[in-house]
Amino acid sequence: MPNLTGVHQGIHQISTLDGTTAASSTADIRTALAESDTDVNDVIETLIDGVRGFSTAAARADSPMQQQFMAMGARRRKTAGDIIRIAADEQMSPLTLDDTGTPSGVLHRSWISIRDAIQGDSGVASAALNGERHAKKEVEEVLDTGLPKPIATVTQRALGEIEANISNLQPLTS
């Protein structure tokens, strides 16, 4: 969230993420805050998709793959919760872990069930891998928008977790 450092006739000095300042009107500030809220919620939605996807995968897979999906889902839930807490502390309006995620995430979770019925655990792992590749793309796009620093830090951690999941899932898909 931009930090207001001065006010003069409707013009504000905003400290940007890189430490520079820029003059902006109140309308510009409101627009920037709304865009930041949207970007943060996009990340949260993507992470929620992962939480729900790993839960679906764990329910469909056999042990020990089931345990791996449960662990991935637990890490994703913690990371999403961390971003939600930071966003709330920054006076944003974040989604909650009770949200359902994106429509494409809901559809993808149905696809996991179909893959399980046709291919078993390797199909579930393949569907999870595709979901993680999509999550990586989504998170990278939002990181490029310039999230507030505390949220960007946790989002970068989420990206690292997603990349690790991709590496762990690839051998399970054959």
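## Starting inside: T46

At 10% relative accessibility, T46 counts as buried, where buried means under 20% relative accessible area, exposed means over 50%, and partly exposed is anything in between (1.4 Å probe, protein chains only). You'll find T46 in helix 1, residues 26-60. Leaving out residues up to four places away in sequence, T46 touches A135, E138 and V139; touching, or contact, means heavy atoms within 4.5 Å.

Before going on, a word about what you're looking at. This is a predicted model, where local features need pLDDT of at least 70 and side-chain atom pairs count only at pLDDT 80 or more, while totals for chains, interfaces and linings use all residues. Residues are numbered from 1 along each chain as its sequence is written, and side-chain values use heavy atoms, with hydrogens and water left out.

## The whole protein

How many helices and strands does the protein have? The count is 5 helices and 3 strands. Helices (H or I, at least four residues) and strands (E, at least two) are DSSP runs, numbered from the N terminus.

Of the 174 residues in the protein, 39% are buried. Take the contacts between residues at least 6 apart in sequence: 64% of them join residues at least 24 apart. The accessible surface comes to about 9,000 Å², and 53% of it belongs to carbon and sulfur atoms. Those areas come from the Shrake-Rupley method with a 1.4 Å probe; for residues, only the protein chains shown count as cover.

## Helix 2 and helix 5 side by side

Let's check the lengths of this pair. The 25 residues of helix 2 should span 36 Å at 1.5 Å a residue, and its end C-alpha atoms are 36 Å apart, which agrees. The expected span is 1.5 Å times one less than the number of residues. Helix 5 (residues 149-169) passes the test too: its 21 residues should span 30 Å, and its end C-alpha atoms are 30 Å apart.

How do the two helices pack? Helix 2 (residues 65-89) and helix 5 meet at an angle of about 170 degrees, with axes 9 Å apart. Axes are lines fitted to C-alpha atoms, for helices over the stretch in contact, and angles run from 0 to 180 degrees between N-to-C directions. Helix 2 and helix 5 are therefore roughly antiparallel to each other; the cut-offs are under 35 degrees for roughly parallel, over 145 for roughly antiparallel and 65 to 115 for roughly perpendicular, with the rest called oblique. On the helix 2 side the contact includes F69, M72, R76, T79, D82, I83 and A87, while helix 5 brings residues including I151, V154, T155, A158, E161, I162, N165 and L169. The residues of this contact divide into 11 nonpolar, 5 polar and 6 charged. Here Ala, Val, Leu, Ile, Met, Phe, Trp, Tyr, Cys and Pro count as nonpolar, Asp, Glu, Lys and Arg as charged, and the others, Gly among them, as polar.

Which residues of helix 2 are buried? Among them are F69, M72, R76, T79, D82, I83 and A87. The buried residues of helix 5 include I151, V154, T155, A158, E161, I162, N165 and L169.

Zoom in on T155, which lies in helix 5. T155 is buried, with a relative accessible area of 0%. Skipping residues up to four places away in sequence, T155 touches V43, I83, V139, L143 and L147.

One of those partners, L143, sits in helix 4. Helix 4 (residues 121-143) has 23 residues and reaches 32 Å from first C-alpha to last, close to the 33 Å expected at 1.5 Å a residue. Setting aside neighbours within four places in sequence, L143 is in contact with A152, T155, Q156 and L159. L143 and L159 are 16 residues apart along the chain, with 9.3 Å between their C-alpha atoms.

A127 is in helix 4 as well, and at 0% relative accessibility A127 counts as buried. The C-alpha atoms of A127 and L169, 42 residues apart along the chain, are separated by 9.7 Å.

Is Q91 buried or exposed? Q91 is exposed, with a relative accessible area of 64%. Q91 is in the loop between helix 2 and helix 3 (103-119), and its phi is near 65 degrees, a positive value in a residue other than glycine.

N41, in helix 1, is buried at 15% relative accessibility. Leaving aside neighbours within four places in sequence, N41 is in contact with S93, P94 and L95. N41 and P94 are 53 residues apart in sequence and 5.8 Å apart in space, C-alpha to C-alpha.
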